[in-house]
Amino acid sequence: MSQADLYEQAADWLEDAGEWDNARRAAFLDWLARDPAHIQAARAVARAMDDPAMTRALQSLPAFPANDTADIRPAPRHDWLALAASLMLAIGLGAWHFAPPAEQAQHFATRLNEDSTSRLSDGSMVHLDPATMLDVRMSPDARRLHLAGGRALFEVAHAPERPFTVESGPMAVTAIGTVFSVDNSPAGQGLRVEQGRVRVVIEGLDQPLLIGAGQGLMLDKADRLQRFTFRPDPAQAADPQWLVVDNERLDALVARLQRHYSAPLALSPQLAGQLISGRYKSHDALASLRLIARAHGWRVAPNGAGWRIAP
């Protein structure tokens, strides 16, 4: 089994650790006991999930008895499981904390109707939409990014020992190794996971959220949280020539089109939450807006120096 497969198995176990009952905890300990590599993978994933309580419990586990088998030496295995069970009672979803100061800092910015793709020092790829600002800070044990505005797609290099966290407004998204996008717009904070899974911490929510491929979040300016599903496609999501959307709110989509267009684009408030699916040219924002309107029986009319989509 590959290391990536082990990490995926460990993530499957740990994603709901805060809700474990005794039977689930016992099953997890049995999985750990099957192979020392399972313990190492679980420790790496716990660090990536930024869960101090889980990490401490896993680091406290004793080494499993060498060459132990159930039919030859049952006592050491039983003793190990008993000790491990007492330690693992401390497992729960830990509180978010900030990583230590980073050693490397970079600033990325794009202008109106300009997109860019950059490779970070860890090998991750970052695709920036127009009118986007991103700060990156790298340290030996963490990768921390701040999206001040705009939208970025991240293809995260697999490194569970260095959590990859994107902060955007009140939302922080942590990945182990995955493809996801974060959108910081006037409509709110948006997240779409194209591949893998991420852990999301939102100010005001007691528990983190675990979001997998084909799932997304929208946190609007009134702090209303909406979860949705879509058809993931990492390759299409990275194509700067097209906006491929599936169940995207109209206000968020108009904000994305605005980054490609100099004149102001507006919409009637009653259309803000309408869900849009389709494929639109990113560098012809007005034509795309008219196409959306035509498909839904709406209209696009002059609005001062710009345009407005309305029923």
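I began with V254, which is buried with a relative accessible area of 4%; I take buried as under 20% relative accessible area, exposed as over 50% and partly exposed as in between, with a 1.4 Å probe and protein chains only. I noted that this is a predicted model, in which local features need pLDDT of at least 70 and side-chain atom pairs count only at pLDDT 80 or more, while totals for chains, interfaces and linings use all residues. Residues are numbered from 1 along each chain as its sequence is written, and side-chain values use heavy atoms, with hydrogens and water left out.

**Entry on the whole protein**

I found eight helices and 18 strands in the protein, where helices (H or I, at least four residues) and strands (E, at least two) are DSSP runs numbered from the N terminus. Buried residues make up 50% of the 311 residues. Of the contacts (heavy atoms within 4.5 Å) with a separation of 6 or more, 51% are between residues 24 or more positions apart.

I placed V254 in helix α7, which covers residues 250-258 and has eight of its nine residues buried. Among the buried residues of α7 I listed D251 and R256 as well as L250, L253 and L257. Leaving out residues up to four places away in sequence, I saw that V254 touches L265 and L289. I also looked up the C-alpha atoms of V254 and I309, which are 55 residues apart along the chain and separated by 9.4 Å.

I then asked how α7 and α8 pack. Helix α8 (residues 285-296) packs with α7 at an angle of about 160°, with the axes 10 Å apart; the axes are lines fitted to C-alpha atoms, for helices over the stretch in contact, and angles run from 0 to 180 degrees between N-to-C directions. That makes α7 roughly antiparallel to α8, a label used for angles over 145 degrees, whereas under 35 is roughly parallel, 65 to 115 roughly perpendicular and the rest oblique.

On the contact itself, L250, L253, V254 and L257 in α7 meet A285, S288, L289 and I292 in α8. By class I recorded seven nonpolar, one polar and no charged residues there, counting Ala, Val, Leu, Ile, Met, Phe, Trp, Tyr, Cys and Pro as nonpolar, Asp, Glu, Lys and Arg as charged, and the others, Gly among them, as polar.

**Entry on the sheet with β15**

I traced an open sheet of three strands in the order β15-β18-β17, with mixed pairing; two strands pair if DSSP finds at least two bridges between them. Its edge strands are β15 (265-267) and β17 (299-303), each pairing on one side only. Strands β15 and β18 (residues 306-310) run parallel and are joined by three bridges, and L267 stands opposite I309 in β18.

**Entry on β8**

Is strand β8 (residues 179-185) mostly covered or mostly exposed? I found it mostly covered, with seven of its seven residues buried. V179, S181, D183 and S185 point one way from β8, while F180, V182 and N184 point the other way. Strand β5 (residues 142-155) runs antiparallel to β8 and is joined to it by six bridges, with N184 as the bridge partner of G150. β8 also pairs with β9 (residues 188-195) in the antiparallel sense over seven bridges, and a hairpin joins β8 to β9 through two residues. V179 stands opposite Q195 in β9.
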